[in-house]
Number of protein chains: 2
Amino acid sequence: MENFKGWEDLHLVRTRIDHAIHRTPVLTSETLNKDAGAKLFFKCENFQKTGSFKARGAANFVFSLSQEEAAKGVATHSSGNHGAALARAAALRGITAHIIMPNNSPATKQETVRRYGGKLTLCDPTYEARKLACAKIIQETGATLAHSADDYRIIGGQGTTGLEFTEQVPDLDLILAPIGGGGMASGLVVAMKTLNLRTEVIAVEPEQADDAFQSWKTGVLQPPEPNTVADGLRTGLAEQPFRILQAGASEIVTVSEAAIVAAMQRIWKVLKIVVEPSAAVPYAAILEGKITVQNRRIGVVLTGGNLDLTKLPWVTQLV
Amino acid sequence: MENFKGWEDLHLVRTRIDHAIHRTPVLTSETLNKDAGAKLFFKCENFQKTGSFKARGAANFVFSLSQEEAAKGVATHSSGNHGAALARAAALRGITAHIIMPNNSPATKQETVRRYGGKLTLCDPTYEARKLACAKIIQETGATLAHSADDYRIIGGQGTTGLEFTEQVPDLDLILAPIGGGGMASGLVVAMKTLNLRTEVIAVEPEQADDAFQSWKTGVLQPPEPNTVADGLRTGLAEQPFRILQAGASEIVTVSEAAIVAAMQRIWKVLKIVVEPSAAVPYAAILEGKITVQNRRIGVVLTGGNLDLTKLPWVTQLV
């Protein structure tokens, strides 16, 4: 693990999923650069198929299965975006996707899973209930578990974001990503390490869902107790991503809820794009001064754009 | 006028303003295409400098002035986006822009004018009050009036949107744009006619601000009585755009307020971009079935993305 040998070449991963995903654009803003005193590059995975980067990992997972495995379908428990992405990837291959979601997931995320043809099962909004419901379905159907982060195929798929990003913007000093299960953050580490790039990776987490930060600090995986507006990050850091981050990430930093909401609103207002709360978490770290950005070239992964437009956090929560 | 001879070559206009504007992207969506049964191409002027297409006309106006004219500054009355755009263009040339705005303009549009260094004067929210306040300032300063639509330099600048759009997406059957003062819609007509393209131009207007539609129907310019959520269209159709539309537009159609709000929300949700209500007006015509779209290649100009994010119409008006 330490030297990232044995990892699947991300160029091969990209070839496998190329037909199933978008090469998303990178946006810049003079206004935001001036505010930060840095050069910021925003990788718009909110424009990705299914509205989040999860389309990458899910596609890599589904198209890596043998015919025999595929025939029995796939299953996952997901706070939303991974479920939708897996449903879509499965539909592309013509196989069944069993999606277990907490019953407090945004309605829009549930609709999306159904629209892509996923078989949706709602459960209590605890991590244990999710795992249990998923295990039961796997036992009944023989479906393959597609964990949202704890799988090298998922991590490799998300890692193609880093590959693409560095092709679009060479010589980044730093890439920032939010961290929930850790699939994206660890995928970026794998990308930078296997591409032999000097680019640092920093994961950013809500203070009120800081199990990754606590795990990083203590060296032992800590259980999650999420209570954050960033619904996409209401999940625990997974084992494999944790080990990858320990071996290759620079830092994990945390941000306040107020900063997340302010960052989200600023991105909407200046970049004129719709991002979900989780996607605003890295830029919140810049706004709160949690990262040294001065005169650096900084990549920010905007991870998704799925949310209930009638429940904007600066309207329902702060006003 | 009838044959559009004598119009300034829009390629020359583009050369004049090239340093001052963005070449904005064109977005597409499988979901929206499927809904419409057509191929839709969205030209994202919400990503334009100052957040709207008005940056084009304003830049062309300011950079067309003689040194002598420029020294005395420019002035305009504007519902918002044109004012911001003129302020910025003037700042680029280092001259003064006097901006008169109705006192009920969105706060965000007022802030923007100030941020770009415009000298802002608020007046009563009537068309007469705006004209009067503007005339007074022009008398005092000798500034040149930059009308938001009734000027061939403004129309030509907006027309570069059409030039760019047809380069990005060849062989469009139809281009749709919202109509307020008429600068964009007439600019598109000029573009299609001077480029000798077969592409039709249809202007779309809120039913509750339908002076352009009434003018078109009666052949005589009608006074505006706007009462619409589309704040950017709360202005009267101007004389020169009206004549150009009479000579070269295919149609003017109107849409309901509910359709505008639904169209705006749909664009945000599916395209993941922020557009203001006015920008959603053309897509509202597709949603309401006001235009024959089946199997056609249709360009939709998303005119801007400036609005108060705390006052979304589907939250404050309909719920």
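Predicted model: local features only at pLDDT ≥ 70, side-chain atom pairs only at ≥ 80, totals over all residues.
Let me begin inside chain A. Two packed helices are described by the angle between their axes and the distance between the axes. In our case the pair is helix α1, residues 10-17, and helix α3, residues 54-64, both of chain A. Their axes lie 9 Å apart and meet at an angle of about 85°. An angle of 65 to 115 degrees counts as roughly perpendicular, and α1(A) and α3(A) are therefore roughly perpendicular to each other. On the α1(A) side, the contact is made by Val13(A), Arg16(A) and Ile17(A). On the α3(A) side, the residues are Arg56(A), Ala59(A), Asn60(A), Phe63(A) and Ser64(A). By class, this contact of α1(A) with α3(A) comprises 4 nonpolar, 2 polar and 2 charged residues.

I turn now to the interface. How many residues of chain B are in contact with chain A? There are 21, and they meet 21 residues of chain A. The size of an interface is often given as the accessible area lost when the parts come together. Between chain B and chain A, about 1800 Å² is buried, and 61% of that area is on carbon and sulfur atoms.

As for polar interactions, 12 residue pairs are in polar contact across the interface of chain B and chain A, counting pairs with both residues at pLDDT 80 or more. Which helices of chain B supply at least two residues each to the side that touches chain A? They are α6 (107-115), α12 (257-271) and α14 (313-316). Of the elements of chain B, α12(B) gives the most to that side, with 4 residues. The side of chain B that touches chain A has 9 nonpolar, 7 polar and 5 charged residues.

Finally, the salt bridges. Side chains of opposite charge can pair when their charged atoms come close. Between chain B and chain A there are 4 salt bridges. Lys49(A) forms a salt bridge with Glu30(B), with the closest N and O atoms 3.0 Å apart.

Over all chains, the whole structure holds 36 salt bridges. Within chain B, Glu167(B) forms a salt bridge with Arg23(B), the closest N and O atoms being 3.4 Å apart. This pair links distant parts of the chain, 144 residues apart. Glu167(B) belongs to helix α8, residues 152-168, whereas Arg23(B) sits in the loop between α1 (10-17) and β1 (26-27) of chain B.

Conventions
Residues numbered from 1 in each chain as written. Chains lettered and ligands numbered in written order. Heavy atoms only, no water. Axes fitted to C-alpha atoms, helices over the stretch in contact; angles between N-to-C directions. Parallel < 35°, antiparallel > 145°, perpendicular 65-115°, else oblique. Contact = heavy atoms within 4.5 Å. Nonpolar A, V, L, I, M, F, W, Y, C, P; charged D, E, K, R; others polar. Buried area = accessible area lost by both parts, 1.4 Å probe. Salt bridge = Lys/Arg side-chain N within 4 Å of Asp/Glu carboxyl O. Polar contact = N/O pair within 3.5 Å; in protein donor to acceptor, adjacent residues only side chain to side chain.
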